[in-house]
There are 4 protein chains.
Amino acid sequence: MRLGYGLIGAGFMGKTHTLGFLNVNRVFRLPVEVELRKVAEYDAAVAERAAKSLGYPEFTGDWRTLIGDPAIHIVSIATPGTTHCEMSLAAIAAGKHVYCEKPLATAAEAEKMTAAGEAAGVKTMVGFNYIKNPMMRVAREIIDSGEIGEVRTFRGMHIEDNLMDADIPWHWRLDKAGAGGAMADIGSHILATARYLLGPIVEVLGDVTTVIPSRPVAGGACQTRAVEVEDIARAFVRFERGCSGVIEANWIAAGRKMQHDFEVSGSKGGIFFSQERFSELDLYLNDDRPGRRGFHKIFAGPEHPPYGDFCIAPGHQLGFNDLKTIEVRDFLRAIAGDTSDQTSFREGWEVQKTVEAIYRSSREHRWVKLQ
Amino acid sequence: MRLGYGLIGAGFMGKTHTLGFLNVNRVFRLPVEVELRKVAEYDAAVAERAAKSLGYPEFTGDWRTLIGDPAIHIVSIATPGTTHCEMSLAAIAAGKHVYCEKPLATAAEAEKMTAAGEAAGVKTMVGFNYIKNPMMRVAREIIDSGEIGEVRTFRGMHIEDNLMDADIPWHWRLDKAGAGGAMADIGSHILATARYLLGPIVEVLGDVTTVIPSRPVAGGACQTRAVEVEDIARAFVRFERGCSGVIEANWIAAGRKMQHDFEVSGSKGGIFFSQERFSELDLYLNDDRPGRRGFHKIFAGPEHPPYGDFCIAPGHQLGFNDLKTIEVRDFLRAIAGDTSDQTSFREGWEVQKTVEAIYRSSREHRWVKLQ
Amino acid sequence: MRLGYGLIGAGFMGKTHTLGFLNVNRVFRLPVEVELRKVAEYDAAVAERAAKSLGYPEFTGDWRTLIGDPAIHIVSIATPGTTHCEMSLAAIAAGKHVYCEKPLATAAEAEKMTAAGEAAGVKTMVGFNYIKNPMMRVAREIIDSGEIGEVRTFRGMHIEDNLMDADIPWHWRLDKAGAGGAMADIGSHILATARYLLGPIVEVLGDVTTVIPSRPVAGGACQTRAVEVEDIARAFVRFERGCSGVIEANWIAAGRKMQHDFEVSGSKGGIFFSQERFSELDLYLNDDRPGRRGFHKIFAGPEHPPYGDFCIAPGHQLGFNDLKTIEVRDFLRAIAGDTSDQTSFREGWEVQKTVEAIYRSSREHRWVKLQ
Amino acid sequence: MRLGYGLIGAGFMGKTHTLGFLNVNRVFRLPVEVELRKVAEYDAAVAERAAKSLGYPEFTGDWRTLIGDPAIHIVSIATPGTTHCEMSLAAIAAGKHVYCEKPLATAAEAEKMTAAGEAAGVKTMVGFNYIKNPMMRVAREIIDSGEIGEVRTFRGMHIEDNLMDADIPWHWRLDKAGAGGAMADIGSHILATARYLLGPIVEVLGDVTTVIPSRPVAGGACQTRAVEVEDIARAFVRFERGCSGVIEANWIAAGRKMQHDFEVSGSKGGIFFSQERFSELDLYLNDDRPGRRGFHKIFAGPEHPPYGDFCIAPGHQLGFNDLKTIEVRDFLRAIAGDTSDQTSFREGWEVQKTVEAIYRSSREHRWVKLQ
C-alpha cells in the first residue's frame, strides 16, 4: 500500500513529522509506504520556503487545498492548538487519516473529532511522542508482568522552564480559548504516560496556579496582555486499578528542560524514569539478593524493541526525532489494520477530559470524578 | 558552663544523641561543656547494658529517677512517640532543658509541651536533624539572598521503603494514638525543611492513604492488627510568602532509602537537593552565561560552615551522626542564650499542626487553613 | 549542486549512512543536494533486499559497478575494515568523493588512501561521528577560548562490553590483517576526540593486552581461532600543546555500553563528558563565586549549534543517527568547498598512526614519537 | 583491657584521630577500651590549646615526653611526613602501639619502621582510611566470591584539586625529602585500595609530571621555591593475580574534591565506586535477566557491616570521621590479637615501594618489577 502524505504547519513539529514520515519506511518494514506530497502553511510564500527546505514537491497557502487533494491520504496537523478541531474535522470529512499534535483540542472539540473520525472509519493519531520510547515500553512490560508486584503509587511530572522568563511575550499557548495552560500543553504528555503505564485515571484533585499574570505583547511598546491559563498545575489522582498518584505540570521551573519524569512503586519493586536521560530506566527489584539490591540502571539497547531498528548496538541512543519515527510507524500500522499501538483521538480526548477535570477540581476545591 | 546530660531511651536515636553530646565539645568551641551522666531504659538490666556500651557512668530503669537527678541539666528523650509528652512535661517541671526526638507528639500534646517549656524558661529542641546539614544552610542562604529570585514553587518529599514489606509486624509507629503515620513520622522532616527554607505554611490540601491495611502481630501466630495510620500522605501547600508547593511522605516506596528531596524554583534560578547525596546541592542560575548554564553541583566543603569544623578539606563528607552533633551544638548554644538556630518544641508543634491539618483536609476533602 | 550517492555495505553502518544522506538536506540548508542512487552488497540478492528496505532505486552485487556509475558522485564505504583500502582507492580513481567508516585502514594503507585522495582532488571523510555532537563543539570552544585556562591534563576512554563474552565467535574485527583490536576499532574514536579537542599527539607509551586468547569459530563445532588483536589498550600520551594524558580502549568491560568519556582539566577549570549522556557537558569554572562552585551540567539546546536544526527546544535530544547526519553535512560542505569541519582520510591516517605507535610502544616497552 | 592513648600532631588528622578514639568504644563492642591521655604539639602553647579544644587532660610541647609516658600505650602520629620515621621508631622503642598517617615515609624509612615494629612485637597501623568504608568491604566480597567472575581489568584514581591554584604557597607536602608528590600523598590511597581489592601489584610502568614548577614562599615577598615532586602521576600496573590496570594520582584537577574512584571489570560483571558518593557501589551482573541488566546502585545499609553499628537504618550515611572510627576499631582489634583487618606499617611500606617503583619507572622509561 503506497499512500500520499501532506503536512499542515511547517514549524518545529512540522519538521519532525516530515522527518518521521521520510525515515519510517527505511527504519522499519511496514505494510504501508508513504510519499511526501504537499505542505501547507498560512501563506503561499511561507509554504514555498517550507516545501523547498523540507523536500515536498508541492505546497499551498490554503490548507483546504491540501485536504482536498485526492493524492493525499494522510494529513499531519502541526499548527497552533485552536486550529486543530476545524482542520481535523475537515480532513476527516475528506476521508483522510489524521495525525494531530497535542494538546489535541478542548474536550468538547476532541469529543467531536473522535466521533467524526470513528464514524468516518479513518485512523487518527495524537502526538504523545514520549510514550513511543522503547524504555517506556519496557516500563509497561515491567508493570504488566508483575515484576514490581502490585502497583501502589505513581509520581509523574512534565516540567520545563521554557516560559520561566516573565519577558517572554504573550502567544498562542497562553490563549484561554485553547485547551489550557501548562497541564494541557505539556502536562498532557505525562497524563498520556500515566495512562499508558497504569490505565485510566478515574478521579482527580487539582491545584492550578498562574504565577506570571501578564506578558508583554510582542512588538507592542510597553503593552501587556493578561495570562488566563495556568503556569503550574498539580493533581492528586486515583487510577481505576486502585493505586493513587500525583501529577505535576509546570513550564516556569528554572533549569528544567524536559523533566518528563515518573516513578512507579509496587509491592515488589519500583521503576524510575527521567526524560532528560531517556535511554535509561531505573528498576528496583526487592527479590534481588540482600546486600546487592539497588536500582538497576537499564540502558537502551537492541533487547528493547524497536531500538534495534535504529542501531544494532547498545549505547548509541535514539533522539527525539526517532521517537517521532516510531510514532509514525504506529500510525501506519494502524492504517494497515494493527491498532495495538495507535494513540488515537479518543486517547487525546481522554487526556483532555482529565486536564479539564483537574481545572474544574481546582476551581471547585473538590475531588472530581471522570466518568 | 559545665552541664550534666542524661538520656532516656538507648535505641538507635539514643545512640546518636550520645555520640552527638560526646563529640560536640571536641568539634566546636562552645560556651557550654557537657558531661554524660546517666542513661534510662524501661528496665534496669537494659539500662545497665546501655550504660556500658554507650559509656554512661550511671543508669536507671526508671526515667523519673533520671529526671529527678540534680546533676543532670539536659535530658534527651529518644523513646517511642506516645511517651514524649509525659516525659517532656516531667523533665520541664524538673527544670531540665529537653531535647526530644520527632515526631514530637500530637498537636494537642505539643501545645502543652511548648507552653510548659516556655513558661519554665528552659530550652527545648526537637530532632529535625536534616536541616542541620551545611548544604541545607547554603540552600537557605541562596533563597534568602535572592540569588534565585522570587520563589515560585516547592516540591518536597520524605520517602523511604522501610515499611514496604507487608510482613513487617505491627509496632508503635503504627499506633493511631501517636502523632500519625508516614507524614508525622518521616514527613515531619520535610515539613521542617520546607519551613526552614521558605517559612510558614498557611494552607494545605491533603490526600492520605493506607495501602497495607493490617500487619502481623509480632510473635502472634497468624494474628494481624489493623493499621490505622497512613502509608502515603501528600499535600498541596501554600506558604505565607505566597508560593505554592507539594509535599509527599511515603514509607512503602520500593528502593528509596532516604529520599528527603526538595526543589525550589524561583524567578532567577532554582535549587535541588537529595538526602541520599546530602553533601551535594544543585544550583541553577539563569544569570550564568548562555550556552554555559546548567545546574552547578556544589560539593560540601569548608566554605559551607560548619563543615570545616569536622574536616578542613572538601570531599571528605559528613555523616548522619555529624548532623546530630550540629544539632546538639545548636541546642547548647540556645542554652547559652543564642537561640538563632534552636529548633524548639514550638517548631515541633507547628510542624505537627501542619501534619494534622493535612489529615483533616484529607478527611474533609477541602483546603484547611493553619491559623 | 545535485549529486548522486551510492552506498557499499548495507549493514548497521550502511543504514546510518543512508539515513544521514536522506535527512541532511531536510535538516540543513546546504549548497549540495544529494540523491540516493544505488547500494552495493557482496551479492546481488542481499543488495536487492537492502535496496528495498533502505529505499535505493538501484542495487548491485558488485561494488565496482557502483563505483563505475557516472551518476554517482559520492560513495560511502561501510564494509569490514580490510576492504577499505582497495575500495577507497578504486573510488578515488573513479573521481568519487569517498566517505569511509573507521577504523580507516592500516597506517600504510591510510597513507596511500590519503595521498590518492589529495592527488585526485576529491573530498574524503572518515566516520568519527562522536566529534559531530554539538556538545563536543562546545567542549572545544571552551578549551579554545581559554575558559578553563591552560590545559594541563586529559583522560579519555572508549570502553564497551560488546566482546565481553568469551563465547562470541571470531569475526573480522579480530583479524590481525586489519587495523588492530580495541584501540583501532573503538579507541580510534577517542583518539579522534582527543585530537579534535587538543590537537596533535606527539608521543605515546602504550600497554596492550589480549585477555581472551581465542574465540569459537562460528558454525565450527568446538573449533576455536586465536585472537591476535588486543582486548585492552592503554596509552600515556603527550600533546603537541604540552599537556599530558591517558587514553584507554577496551571492548570487554562489563556493563559499559558506550563509555566514550573524557575529562580535560585546565588551570582555571575543567570539563567532563560521557557519551552515554551525550546531551550533557559538565563544566567547572574556578571563577564561579566561592561556595557556589561546582560542575555546571550543561544540557544540549538550540544555543549549541547545530542542535537547533533538529529541534528548536532544549531537552528533546539528538540521537546517534543525528550525529551521522551532521557528519554528512560536514562532508557535503567540504565537497562544496568549506573544509573547516571535514574529517578527511588524512585525519584517519593520523589517528591510525597513533594507534600503531601505541602498539609499537607496547611491544618495545618505550615511549614512541609520532613524527 | 584499658589502654592510654596519646596524639602527636593536633591538626586536621589529629582531630579525626581524636574523634575516632573517642567514639570507638561507644560505637563498637571491643576487647580494648581506650582513654584519651595526652596530646603533643611542636610547642607547649599550641599543645595546650589542642588539649583544651580536643579534650585531652594532659599536653606537652615535646613529643618525646608523650612517648616516654608509661600511662600511654597507643600513639597516633599525625604530623608532616618527614617526621614519621623518627617518631615511629622512638615510639616503637618505647613499646607503644603506633598508628601513623599516610604517606608513611620513604620506602627505606618504612622498611626500618616495619622491621622495628615487628621485632618489638607492637602493633602498627597506617591511615588508609578509605578502605575502611563498608562499601569497600562489599566490593572485596564481590570480587573474592567470584560474583563478577575472573577479574580482567582495574582502573583507579585519587584525584583532587587542592593544589590546582598555582598561588598556593610551597609547604611540606612539596618537600622532595618526603615520600613524594601526588602519588605518595594521595595516590597511596588508591594503591592501598587496589591492593585491598585485588592483592599485590608486581610490575609498574609510570609517567610522572610536575605541572606547576614553582610555588610562592609563604610570607616571602615575591620569592618562589621550586617544586620537585610531581603533580600528576600515572601508572600501568600488573597484579600478581594476572590482571592489568591503570592508576592515576593528581592534585591539580579542576573541580575534583575526592575522586578516589575505581572500576573493576570481570568476566561475569563489574563494579564501580566513587568516593564522592561513598555510600554507593555500582554492581553490574551479566547474569541478570536480559533486558533488565544494568549497574545496581547499592546503597549502604545495615546489611553492609559495620554500617549498622553507626545507624540501624539505611540511607543515613556514614561520614569521613566514621571511617576513621572503623580504622581505630581495626587497630584496637589488632592490639587485642585479631589482625585480620590491620593495615600495618608493612602495608604502608608495600604501598610506598609501589610509589617509588612508579617514580623509577618514569625516570628510566621502562617497566619496573616489585620483588
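Me: Which residues does D:N23 touch, leaving out those up to four places away in sequence?
Reply: In this predicted model, D:N23 touches B:L19, B:L22, B:N23 and D:T325, once residues up to four places away in sequence are set aside.

Me: And what element is D:N23 in, and is it buried or exposed?
Reply: D:N23 sits in helix α1 of chain D, which covers residues 12-27, and D:N23 is buried, because its relative accessible area of 7% falls under the 20% cut-off.

Me: How many residues does each of chains B and D bring to their contact?
Reply: Chain B brings 37 residues and chain D brings 37 residues. The area buried between chain B and chain D comes to about 3,500 Å², with carbon and sulfur atoms giving 53% of that area.

Me: Which residues on the chain B side lose the most area there?
Reply: On the side of chain B, the residues that lose the most area to chain D are B:F12, B:R26 and B:H316, and together they make up 21% of what that side buries.

Me: What about salt bridges and polar contacts between B and D, how many of each?
Reply: There are 2 salt bridges across the interface of chain B and chain D, and 17 residue pairs are in polar contact there, counting pairs with both residues at pLDDT 80 or more. A salt bridge joins the side chains of B:R277 and D:E280, with a distance of 2.8 Å from N to O.

Me: Which elements of chain B give two or more residues to that side?
Reply: They are helices α1 (12-27), α2 (44-54), α8 (307-310) and α9 (320-335), together with strand β16 (295-299), in chain B. The largest share of the side of chain B that touches chain D comes from α1(B), with 8 residues. Sorted by class, that side of chain B has 17 nonpolar, 10 polar and 10 charged residues.

Me: What rotation takes B onto D?
Reply: Chain B is superposed on chain D by a rotation of 180° with 0.0 Å of shift along its axis, at an RMSD of 0.0 Å, and the two copies are therefore related as by a two-fold rotation axis. The C-alpha of chain B nearest the axis belongs to B:G319 and lies 1.8 Å from it.

Me: Switching to A and B: how much area do they bury between them?
Reply: Chain A and chain B bury about 3,200 Å² between them, and 51% of that is on carbon and sulfur atoms. In chain A, the residues losing the most area to chain B are A:R152, A:R234 and A:F236, which together account for 20% of what that side buries. The contact involves 44 residues of chain A and 44 residues of chain B.

Me: How many salt bridges and polar pairs this time?
Reply: Between chain A and chain B the count is 6 salt bridges, and the polar contacts come to 16 residue pairs, with both residues at pLDDT 80 or more. One of the salt bridges is between the side chains of B:R256 and A:E263, at 2.8 Å from N to O.

Me: Which element of chain A gives the most to that side?
Reply: That is β7(A), with 6 residues on the side of chain A that touches chain B. By class, this side of chain A has 18 nonpolar, 15 polar and 11 charged residues.

Me: Now B:V204, where is that, and is it buried or exposed?
Reply: B:V204 is in strand β8 of chain B, residues 201-209, and it counts as buried, at 0% relative accessibility. Not counting residues up to four places away in sequence, B:V204 has contacts that include B:F236, B:V237, B:W367 and B:L370.

Me: Last one: what does A:H189 touch, and which helix holds it?
Reply: A:H189 belongs to helix α7 of chain A, residues 182-198, and with residues up to four places away in sequence left out, A:H189 touches A:K102, A:G127, A:F128, A:N129, A:Y130, A:H158 and A:H260. At 5% relative accessibility, A:H189 counts as buried.

Definitions and conventions: Residues numbered from 1 in each chain as written. Chains lettered and ligands numbered in written order. Predicted model: local features only at pLDDT ≥ 70, side-chain atom pairs only at ≥ 80, totals over all residues. Heavy atoms only, no water. Contact = heavy atoms within 4.5 Å. Buried area = accessible area lost by both parts, 1.4 Å probe. Salt bridge = Lys/Arg side-chain N within 4 Å of Asp/Glu carboxyl O. Polar contact = N/O pair within 3.5 Å; in protein donor to acceptor, adjacent residues only side chain to side chain. Helix = DSSP H or I, 4+ residues; strand = E, 2+ residues; numbered from the N terminus. Nonpolar A, V, L, I, M, F, W, Y, C, P; charged D, E, K, R; others polar. Least-squares fit on C-alpha atoms with pLDDT ≥ 70 in both. Buried < 20%, exposed > 50% of the residue type's maximum accessible area, 1.4 Å probe, protein only.
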